[in-house]
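Work through the exercises below on the structure shown. Each task is followed by a stepwise solution.

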Amino acid sequence: MQIKAAYAIVAAAAFMSVSGASAIAAPVGTVTGFPTGLPSEDGITGITPGPDGAIWFVAGSGPPGAIGRMATDGAVSTFSTALNPKSGPWAITTGAEGDLWFTDWGVPKAIGRFTLGGSLTEFSAGLSSEDNPRGDIVLGSDGNLWFGDRGRDAIGRITPTGTITEFTLGLDPEGIAPGPDGNVWVAERLAFGAGAIARVMPSGEITKFTAGLNKGSEPVAIASGTDGNLWFTDFGPTKAIGRITPSGEITEFSTGLRAGSAPERIAPGPDGNMWFTNDGETRSVGRITPSGVITEFSAGISQVGGPVSIAPTEDGNMWVADEAVAGSPLLRVGTGAPAALTSPPSVEGGAKVGVPTPCISATWSTWNGQQPSAGLFSYDGYRWLIDGSVVAAGHSYTPTPADAGHALSCVETVTYPLPYFVTAVGESASIQVLPQRPKITRFREKRTAWRERTGTAFSFSMNEQAAVRL
């Protein structure tokens, strides 16, 4: 079954200017809260960097839920009327074509897809009332979306067209991440007091790893790291941050965690470290280096809330969803890394009618040795705007006579590859399109010489309307 709805995105037009160029993100560990306006009972459960450079989030602690967008300057737009009244969106991610995908544990169980252009579709065929898609959802190397089904202890795969297939794991699949090896990795939380890390190939073949896990471990979340390994949080009796290599070698780190810490979610940071949320006795956001050194930051974080989902964004910061706090704020946590955009693109030449006009590329920061790709996903590339509306795609644009006198600008969209999958958007300053200079052709005159008052006759053609003085 497919449930379709439509909504209008007024403040979040696709592929438009997102934020200005800031040289450095907020100082390391600095926390700034931005309210979303949602009630605390609709706590934000999932966030993701969007294809437009903004932060997209879902609130699904209890139906009805909501979908929202926050620009990196804190401007918020929320959308709930398109959702089923009994919906419960839980986790969210961006697909390869620029659509936002989310898991919905409400009634009916579904996987949802919505576009920046304003359409929403939920897919429930292949799911039943026994299913509980209340785990992560991620983009796999095969172009499909993979999600956790905690009702059937399975991992699900959904194609961009909505076909769902599930593979039984036997454990509780809460965290899912694409791996550097092209497979999907799963944090399985409980199975008779011990969890596991599972590797799932695109074909559905499953391999589980437990050697090296702490006794009674409960892996909760998992994410690819900048060091080529995967990192996970362990909620078991010995709270820890774990690392697993693509070959399955596991190491856990606890030194540096505060007493009462309870690591929840984890994500790669633009600074080359992994960042995690702590929903323990003392709420905090933590950082762990590739060598396992842990630091926690709690200043500015409400101790009555619950920092949960965490994700990097194009401004060089980490953003955190703080559950169960009035206003359901998103928290911006400084990493000290540079913002993605260091200088915006520019329109070269005079932007004249009929003359091809190139967009000169923006300058992008290096994050841990990685430069963004200009064509990683289908939505990466160049787009041209006339008076703020997209009119064309491509590296260059030839203004038409109708564009004369209007404002022309170009937008460049790029995405940092795994482990980030962070999209950055830069827009040039706009310049006025100049009319084409009139050209006279097929000029004729009746006589080449004449006397005063006798005159002559002229005839000619012009490529556009203009005043002519002889």
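**Exercise 1.** Find the ring faces over which Arg134 lies.

Solution. Apply the criterion: CZ of Arg or NZ of Lys within 6 Å of the ring centre and within 35 degrees of the ring normal. Arg134 lies over the face of Trp90, 4.2 Å from the ring centre. Arg134 also lies over the face of Trp105, at 4.1 Å from the ring centre.

The model is predicted: local features need pLDDT of at least 70, side-chain atom pairs count only at pLDDT 80 or more, and totals for chains, interfaces and linings use all residues. Numbering starts from 1 along each chain as its sequence is written, and side-chain values use heavy atoms, with hydrogens and water left out.

**Exercise 2.** Count the aromatic pairs in the whole structure and classify that of Trp231 and Phe253.

Solution. Rings of Phe, Tyr and Trp (its six-membered ring) pair if their centres lie within 6.5 Å; planes under 30 degrees apart are stacked, over 60 edge-to-face, the rest tilted. The search gives 14 pairs. Trp231 and Phe253, at 5.9 Å centre to centre and 20° between the planes, are stacked. Trp231 belongs to strand β20 and Phe253 to strand β22, 22 residues apart (strands are DSSP runs of E, at least two residues). Both Trp231 and Phe253 are buried, that is, under 20% relative accessible area with a 1.4 Å probe, protein chains only.

**Exercise 3.** Which residues form one aromatic cluster with Trp56?

Solution. Phe102 and Phe114 form one aromatic cluster with Trp56.

Methods:
Helices (H or I, at least four residues) and strands (E, at least two) are DSSP runs, numbered from the N terminus. Buried means under 20% relative accessible area, exposed over 50%, partly exposed in between (1.4 Å probe, protein chains only).
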